[in-house]
Amino acid sequence: MLLAKIRGTLVSSQKVESLEGLKFFVCEQLDISGKPLGKYIVAADSVGAGVGEVVLYVTGSCGRYTAATADRPCDATIMAIVDTLEVDGRAVYEKSTDTGT
Amino acid sequence: MLLAKIRGTLVSSQKVESLEGLKFFVCEQLDISGKPLGKYIVAADSVGAGVGEVVLYVTGSCGRYTAATADRPCDATIMAIVDTLEVDGRAVYEKSTDTGT
Amino acid sequence: MLLAKIRGTLVSSQKVESLEGLKFFVCEQLDISGKPLGKYIVAADSVGAGVGEVVLYVTGSCGRYTAATADRPCDATIMAIVDTLEVDGRAVYEKSTDTGT
Amino acid sequence: MLLAKIRGTLVSSQKVESLEGLKFFVCEQLDISGKPLGKYIVAADSVGAGVGEVVLYVTGSCGRYTAATADRPCDATIMAIVDTLEVDGRAVYEKSTDTGT
Amino acid sequence: MLLAKIRGTLVSSQKVESLEGLKFFVCEQLDISGKPLGKYIVAADSVGAGVGEVVLYVTGSCGRYTAATADRPCDATIMAIVDTLEVDGRAVYEKSTDTGT
C-alpha cells in the first residue's frame, strides 16, 4: 500500500459499463514524512474519501478486492483514510491537526 | 489507473488468436497537469477511443476485466475517455475545449 | 520478495471492512548490504513483526496469500522476520546482533 | 503491452518441468520511435517470432494467457509481431522495410 | 523473466507457515551482457540452484506457478538455471566456462 493525498477528481461519461457509479480521484503519492513525491495515480474510491485527505491505496489485482470494486477494472483503489502516521517514534501526520494545505 | 494521450496505432497480422478483433493504441502517459511524460504503453481499446483523445487506462490483470478483453492477454487496456480533470480546484483538462494539438 | 526495516505504524479508523484487525507497518526498503534505500511501502503484518525489525515482504497478488490477509486488499505483506542475511559468503545482517539503531 | 526487438536467445537445461518446450528470447524494449531503451526482458514466445523482429509483449499474469503459456510461470510473453507502428500520423516502423540492422 | 546471479542466502525462523521448506536466495539482477545492475531481489528456489549461479526468475503471480511454490506467498521465484545466453549472435554467457567470479 502507498500513501497519497487526494488532489482532484476525474470525470468520464464514455467508459466501460462496469465502472458506472465509481468515483475517481487524482492522487499524489506521499513519502513517509508526508511530502509529495510528484508521482500521481488515478484511484477508485471504496471508502468515502474526499479531496484533500491523506489516504492509503492499493495497486494491481488488490484494487478489485473491495466491495465497491469487485470484478471491476480498477488497478488502484483507495481503501483507507489515514488517521495517524508514526515514523521513528514521532507522529509525522495526524488527520486531526491537518489544515488541508 | 493512469492518464494518457493516444498518439498512434499498431498493426499486427501475426499474433495469438485471442487478440483477433482488438484495436491497439500507442499511448503516451500524461501527468496530472496534462503534460506528456515521455513514457508510452501499447493499450487495447475497450471503449471506442480514437487517436488524439485523453484516456484512462489500467495495467496488469485488470486489463482483462472489460467485456472486450476478458481472458485475453491484455496487460494495458483503455477503459474510459476523460471528460474533465480537476486538480486543486482548477480544471486542467476539458475534452470540450481540447483542440487536439 | 524485498528486504525492509519497519520504521513506524499507520492507523486508520475509516477503511474497508475487510481490513479490520490487520496491523499496518511503514517499511523502508533495504539493499542487500542492509542499507536503507529511501523507498517505503506500507505493508500488512502476517507474522507478528514489530517496529525496528528487518523483514521480508511480498508485493502484488502474493500479498493476499497468507492466512492473515487471504482475500483482503493487501498488496504488500510482511511474511518473514529475517534472522540472517549472507551475501558473497559474509553475514551482512544478523538479528541476534542487531542493536536496532 | 510494450514494444521490443528480439536481440538473442536463452537456453536452459535445468528448469521447472512446466517450461519444457517453450522458446525464450532476450528482448530489448523500444520507445515509440523505435529506438532501443537499454532495458531488457526475457520473454517466452507464443507466436513464432525470431531474432531481429520487432514484437509486442505482455508482462505479469497476462503472460500466462496464451495457448503456449497457459498455467506456466511466464511473466513476459511475446504475443504479436509488429507489422506497422504509426505515431502522430507517420509510420515510425514498418516490417516490410525493416533491414534488421 | 529477468536474469540474475545468486549472491547469497536469507534465513528466517519466524515466517508464515506456508513458506516452510522453501530456500530463499539473494539475487542480483544482470543485464543482457551479464553485468550486475545493482538491483536485487530475494527469490524462492524451485529448481535446485546454488550460490554463484546465473539464473532466470519470474516475478508477480507467476512466482506461485511452480510445483515448489504453488499457492505460497512467493512473488519472485527462480525457475531456470541459464546454460547459454546469446545476444546479437555472440555468446555473452556460458555456464560451462563460468568461473564463478
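1. Conventions. Residues are numbered from 1 along each chain as its sequence is written, and chains are lettered from A in the order in which they are written. In this predicted model, local features need pLDDT of at least 70, side-chain atom pairs count only at pLDDT 80 or more, and totals for chains, interfaces and linings use all residues.

2. The contact of chains A and C. Chain C gives 25 residues and chain A gives 27 residues. Residues are in contact if their C-beta atoms, placed from the backbone, lie within 7 Å. On the side of chain C that touches chain A, β1 (2–11), β2 (14–15) and β4 (36–45) of chain C each give two or more residues. β1(C) gives the most, with five residues. Strands are DSSP runs (E, at least two residues), numbered from the N terminus.

3. Different surfaces. Only 8% of the interface residues of chain C are also interface residues in chain A, so the copies meet through different surfaces.

4. Strand pairing. β7 (residues 84–87) of chain A runs antiparallel to β1(C), joined by four bridges. Pairing requires at least two bridges found by DSSP. Glu86(A) stands opposite Thr9(C) in β1(C).

5. Where chain C makes no contact. No contact joins chain B and chain C; their closest C-alpha atoms lie 10 Å apart. Chain C and chain D also have no contact, with closest C-alpha atoms 10 Å apart.

Technical notes: Two residues are in contact if their C-beta atoms, placed from the backbone, lie within 7 Å.
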